[in-house]
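Please walk me through this structure, beginning with the overall build of each chain and ending with the backbone details.

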Amino acid sequence: MNTEVKIAGVTFKNPVMTASGTFGSGMEYSDFVDLNKLGAVVTKGVANVPWEGNPTPRVAEVYGGMLNAIGLQNPGIDVFMERDIPFLQKYDTNVIVNVCGKTVSDYLEVVERLCDAPISMLEINVSCPNVKEGAIAFGQKADSLYDITSQIKKKAKQPVIMKLSPNVTDITEMAKAAEAAGADALSMINTITGMKIDIHRRKFVLANKTGGMSGPAVKPVAVRMVYQTAQAVKIPIIGMGGIGSGEDAVEFLLAGASAVAVGAMNFVNPYATVEVVEGIEAYMRQYKIENVTDLIGAVE
Amino acid sequence: MAQKKKVTAKIVSQKQIAEQIFDLWLETKLAKEAYPGQFVAVYPHGESMLLPRPISICEADKRENRLRLVYRVAGKGTAEFSTCKAGDQLDILGVLGNGFPVEKAKGKRVFLMGGGIGIPPMLELAKDMDDKKQVLLGYRNKDLFLEEDLAKYGDVYVATEDGSVGTRGNVMDIIKAYSLHADMIMACGPMPMLRAIKKYAAENGIEAYISLEERMACGVGACLGCVCKTTEEDAHSHVHNARICTEGPVFEAGEVDI
């Protein structure tokens with residue numbers, strides 16, 4: 001049985017990654033999970049300088065999911081290079097660094113700093129709904145997405161994944177723009193903008209009023225978007241949205257994803273990533289599937 | 001520090017001890033690693049509710065492998081816990097956070113101050129401290145809980161907001177009413193109480209440790225949901241935001257900007 005997948009020339013021992021922002025840089029979950037067993041660790045977004053993020057409350061539970069408005073708190077690229085990358089280097093897994101910024105030049109600065117870093121890929125966050133400047137602004141208009149993608153591609157030494165927002169009318173238009181600009185892969189979906197109101201206090205639950213929704217409740221939306229996008233572009237897709245089991249992961253693979261990421265479900269089950277790997281293997285045994293790549297886009 | 005784990009714990013007993021307040025004993029080996037002021041995160045059973053609920057450790061019986069959680073029903077998750085009976089199981093994540101610095105209290109006159117649902121962690125703390133301590137408890141009304149348990153380990157003073165028992169007012173009013181003095185304070189309770197303690201401690205040059213709470217998701221320091229403002233740059237993100245679940249929940253009062 002072969003669980004290996006290749007994306008943009010990078011080999012992954014299995015198609016299971018962590019979704020950015022839910023796993024830090026792996027340190028916090030290394031108590032629970034052997035990081036060597038994962039296809040990749042995708043880090044929390046990092047900017048050129050430290051970001052303090054949003055006021056609290058930053059998280060809220062909703063039916064079958066959660067809202068977050070962390071606001072991309074991060075220590076900036078200097079600390080990240082000194083602390084997080086050396087930590088992850090100790091493990092036999094791919095490191096994918098998620099990059100965020102307020103302006104195009106912020107993104108380019110981080111991408112340039114990472115040129116010689118021992119990492120496998122870059123994931124560009126143009127889809128965070130919780131920061132006022134940058135981020136999602138680049139991911140909601142096809143022409144600005146094309147522009148930032150092509151500028152990053154000119155500087156980047158590693159393959160570039162563009163992380164797409166579901167908060168658009170037609171996600172395939174965004175996917176095509178990223179592909180045309182040279183993106184090597186797509187990851188999708190980032191969170192869906194949501195809101196929760198405390199009816200007893202008549203107040204917003206999140207200090208930011210709105211937050212990004214994730215968890216099992218968003219999975220059908222994510223599967224649909226992955227399927228539509230897989231029909232529209234040729235570059236590989238990393239699928240995510242409520243994945244917590246092997247069955248969930250297989251659904252994304254069948255819809256057309258080449259790999260998957262586990263996000264909010266890490267909070268529900270800190271062992272989720274490894275259990276997803278084992279669940280995919282169990283499915284392959286059950287249906288006598290030799291190569292996991294045979295599942296990609298295999299929905300009939 | 002002990003490795004964090006998610007485990008299934010059997011319920012030994014549960015009873016209601018005051019309005020909306022429940023007293024739960026769980027059988028789990030995590031009890032061996034528990035330290036006063038730490039917490040566990042308890043998972044609801046329903047699939048519509050995903051996130052574990054952080055609940056402070058009230059007592060840890062290390063020999064019998066039992067943890068006591070005294071919690072208030074504050075929403076759907078805790079309402080579900082309150083219906084559990086002996087023999088039922090609950091998944092818990094623990095033990096989490098950094099507790100009170102018991103060793104620093106040696107030889108000092110200490111106030112243990114608890115307000116409302118901030119009272120439970122004071123019990124394990126009182127048990128673990130050998131020196132004489134004064135336990136100051138604040139309640140809404142005469143519906144008291146845990147005051148008899150705490151009386152075994154120190155001199156208990158009670159305040160109620162409606163004046164029905166003890167001093168009328170809050171824990172700060174107890175200090176005035178009895179002219180009490182301490183060299184150190186350890187406290188858990190609502191934010192206005194913690195702010196008053198921080199101010200009192202600063203004005204009187206008293207070392208104070210306070211336990212904070214905030215909405216959490218992961219409980220282990222990854223999601224950055226439960227931060228509080230700090231006076232110094234934090235070690236994780238270098239932006240004056242400490243993670244309550246990881247660097248806390250107990251902080252030296254001067255470290256945090258509340």
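Helices (H or I, at least four residues) and strands (E, at least two) are DSSP runs, numbered from the N terminus. On that basis chain B has five helices and 16 strands, and chain A has nine helices and 16 strands. This is a predicted model, in which local features need pLDDT of at least 70 and side-chain atom pairs count only at pLDDT 80 or more, while totals for chains, interfaces and linings use all residues. Residues are numbered from 1 along each chain as its sequence is written, with chains lettered from A and ligands numbered from 1 in the order in which they are written.

The overall dimensions come next. The radius of gyration is taken over C-alpha atoms, and the globule rule is 2.2 Å times the number of residues to the power 0.38. For the 258 residues of chain B, a compact globule would have a radius near 18 Å, and the value for chain B, 18 Å, agrees. Chain A has a radius of gyration of 18 Å, close to the 19 Å that the rule gives for 300 residues, so chain A is as compact as a globular protein of that length. Along the principal axes, the C-alpha atoms of chain B fill a box of roughly 50 × 45 × 35 Å, and those of chain A a box of roughly 50 × 50 × 40 Å.

Burial is counted from C-beta atoms placed from the backbone: a residue is buried if 20 or more other C-beta atoms lie within 10 Å of its own, exposed if 12 or fewer, and partly exposed in between. Buried residues make up 54% of the 258 residues in chain B and 59% of the 300 residues of chain A. Two residues are in contact if their C-beta atoms, placed from the backbone, lie within 7 Å. Among contacts in chain A between residues at least 6 apart in sequence, 71% join residues at least 24 apart; in chain B, residues 24 or more positions apart account for 59% of the contacts with a separation of 6 or more.

Between the chains, 26 residues of chain B are in contact with 32 residues of chain A. The side of chain B that touches chain A has 13 nonpolar, nine polar and four charged residues. In this classification Ala, Val, Leu, Ile, Met, Phe, Trp, Tyr, Cys and Pro count as nonpolar, Asp, Glu, Lys and Arg as charged, and the others, Gly among them, as polar.

Contacts link 14 residues of domain 1 of chain B to 13 residues of domain 2 of chain B. On the domain 1 side, strand 6 (66–72) of chain B gives the most, with three residues. The residues of that side divide into nine nonpolar, two polar and three charged.

A sheet in chain B is the next feature. Two strands pair if DSSP finds at least two bridges between them. Seven strands of chain B form an open sheet with mixed pairing, in the order 11-10-9-8-12-13-16. Its edge strands are strand 11 and strand 16 (250–252) of chain B, each of which pairs on one side only. Starting from strand 11 (residues 167–168) of chain B, two bridges connect it to strand 10 of chain B in the parallel sense, with B:Thr160 partnered by B:Arg168. Strand 10 (residues 155–160) of chain B is in turn joined by six bridges to strand 9 (residues 133–139) of chain B, again running parallel; here B:Tyr139 has B:Thr160 as its bridge partner. Further along the sheet, strand 12 (residues 184–188) and strand 13 (residues 207–211) of chain B run parallel and share five bridges, and B:Ala187 stands opposite B:Ile210.Two helices lie across strands 8, 9, 12 and 13 of chain B: helix 2 (residues 121–128) of chain B runs at about 160° to strand 8, and helix 5 (residues 191–204) of chain B at about 170° to strand 13. Axes are lines fitted to C-alpha atoms, for helices over the stretch in contact, and angles run from 0 to 180 degrees between N-to-C directions. Six of the eight residues of helix 2 of chain B are buried, so this helix is largely enclosed by the rest of the structure.

Finally, the backbone. A cis peptide bond joins B:Gly94 and B:Val95, with omega about -15°. B:Leu146 has a positive phi, near 65°, and is buried, with 24 other C-beta atoms within 10 Å.
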